[in-house]
Amino acid sequence: MKFNPECLRDLLLAVESESTLSDPLYYFNTNHPGNQYPNTDTLKDYDWDTMLYHIYQAESAGLLEKGKGYIAKSYEIGQLTPEGHEFLADIEPESKWKKVKTIISKYAPSTIPALIEIINSNIPR
C-alpha cells in the first residue's frame, strides 16, 4: 500500500480533536454487513484498508499509542503520543501544511520518518 501523508495528517487531527482517554476514537468498517456507524467526517473518505495501514504506520512510528485494535466491525485507535503531538504541531496549521505539501510533492516520501525528516529540514518551528 502507498503511504499518503494527507491521510496520516487527517488521522492525527481526528484523534487529537475527537478522542479522549475515556472515549477513544473508532474507525468503522462501513463495508461490513450490518455496520450502522458512520466514520467521523475527517476520515469518512478513506477506505478500511487504507485507514488501517495508516493507523499501523502511525503506531509503528511512535505517533500513536497502540489501540485495542479490532472490536467487532471497528478499530479502536490509540491516543497521540508526545511525539505525535509534536509532529502534529509542525503540520497542523493549514499555512504550514500547504508548505509541507509543496515540499513533499517534489520528494514523495514513502514513510513517516522520511516525512518527518523533510519537515524538520524545511519547515521552521
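At 56% relative accessibility, Ala108 counts as exposed, where exposed means over 50% relative accessible area, buried under 20% and partly exposed in between, with a 1.4 Å probe and protein chains only. Ala108 sits in the loop between helix 4 and helix 5 (112-122). From Ala108 to Pro5 there are 103 residues in sequence, yet 9.2 Å in space, C-alpha to C-alpha.

A note on the source: this is a predicted model, in which local features need pLDDT of at least 70 and side-chain atom pairs count only at pLDDT 80 or more, while totals for chains, interfaces and linings use all residues. Residues are numbered from 1 along each chain as its sequence is written, and side-chain values use heavy atoms, leaving out hydrogens and water.

Now the helices. Helices here are DSSP runs of H or I with at least four residues, strands are runs of E with at least two, and both are numbered from the N terminus. The axes of helix 1 (residues 5-18) and helix 4 (residues 94-107) come within 11 Å and cross at roughly 155 degrees. Axes are lines fitted to C-alpha atoms, for helices over the stretch in contact, and angles run from 0 to 180 degrees between N-to-C directions. Helix 1 and helix 4 are therefore roughly antiparallel; angles over 145 degrees get that label, under 35 roughly parallel, 65 to 115 roughly perpendicular, and the rest oblique.

Which residues make the contact? Pro5, Glu6 and Arg9 of helix 1, with Glu94, Trp97, Lys101 and Ile104 of helix 4; contact means heavy atoms within 4.5 Å.

Last, Leu21, in the loop between helix 1 and strand 1 (26-28), is exposed at 77% relative accessible area.
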